[in-house]
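User: I am new to this protein and would like a short tour. Please walk me through it by question and answer.

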Amino acid sequence: MAVNLEDPTHSRNLRDFLLLYNVLTEQCFNSCVKRFHSKNLSRGENDCANLCTDRYVSFNQKLMMTFVENQNKKNKDLEEAMKSSMAPTLMPQSSGPPSSEPT
């Protein structure tokens, strides 16, 4: 399946993912990496980075779930408001006898 790089939705999703990844990387690196005398992370730094990324991803998932729930409720409320505002116009007109007033 080919990805259309010109698709605005795909571009926005990619940009959002990269922003999230960059923020996560920077925050966890700044919080966990303290020593720079080795090219490898210490056990404590590695554990900290793993815990940091796990918490960040978990928080982001909860945030997205809450957003989706609130957005769905908002859409449902809007749909109900539109239905109730249209209800009077959808009612049939009374088909009584025509008025016989003189003009």
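User: Is V57 buried, partly exposed or exposed, and which class applies?
Analyst: This is a predicted model. V57 has a place in helix α2. Buried means under 20% relative accessible area and exposed means over 50%. V57 stands at 41%, so the class is partly exposed.

User: How many Å apart in space are V57 and L24, C-alpha to C-alpha?
Analyst: In sequence, 33 residues separate V57 and L24. In space, the distance from C-alpha to C-alpha is 8.5 Å.

User: What percentage of the residues is buried?
Analyst: The protein has 103 residues. To count as buried, a residue must be under 20% relative accessible area. The buried share is 8%.

User: Which side chain of opposite charge is nearest to E45, and how far away is R35?
Analyst: E45 sits in helix α2 and is buried. A salt bridge needs a nitrogen and an oxygen within 4 Å. E45 has no salt bridge, and the nearest side chain of opposite charge is R35, at 4.3 Å.

User: Which backbone nitrogen does the side chain of E45 reach?
Analyst: Beyond its neighbours within four places in sequence, E45 is in contact with C32, V33, K34 and R35. One of these gives the backbone nitrogen that the E45 side chain reaches at 2.9 Å: K34.

User: How many salt bridges are there by this rule?
Analyst: D77 forms a salt bridge with K73. K83 forms a salt bridge with E79. The count comes to two.

User: How far apart are the closest N and O atoms of D77 and K73?
Analyst: D77 and K73 are four residues apart in helix α2, so about one helical turn separates them. D77 is partly exposed, at 37% relative accessibility. K73 is exposed, at 53%. The closest N and O atoms of this salt bridge are apart by 2.9 Å.

User: And how far apart are the closest N and O atoms of K83 and E79?
Analyst: K83 and E79 also lie in helix α2, four residues apart, so about one helical turn lies between them. K83 is exposed, with a relative accessible area of 55%. E79 is partly exposed, at 44%. In this salt bridge the closest N and O atoms are apart by 3.4 Å.

Conventions:
Residues are numbered from 1 along each chain as its sequence is written. This is a predicted model: local features need pLDDT of at least 70, side-chain atom pairs count only at pLDDT 80 or more; totals for chains, interfaces and linings use all residues. Side-chain values use heavy atoms; hydrogens and water are left out. Helices (H or I, at least four residues) and strands (E, at least two) are DSSP runs, numbered from the N terminus. Buried means under 20% relative accessible area, exposed over 50%, partly exposed in between (1.4 Å probe, protein chains only). Lys and Arg count as positive and Asp and Glu as negative; His and the chain ends are not counted. A polar contact is a pair of N or O atoms within 3.5 Å; within protein, one must be able to donate a hydrogen and the other to accept it, and residues adjacent in sequence count only if both atoms are side-chain atoms. Contact means heavy atoms within 4.5 Å.
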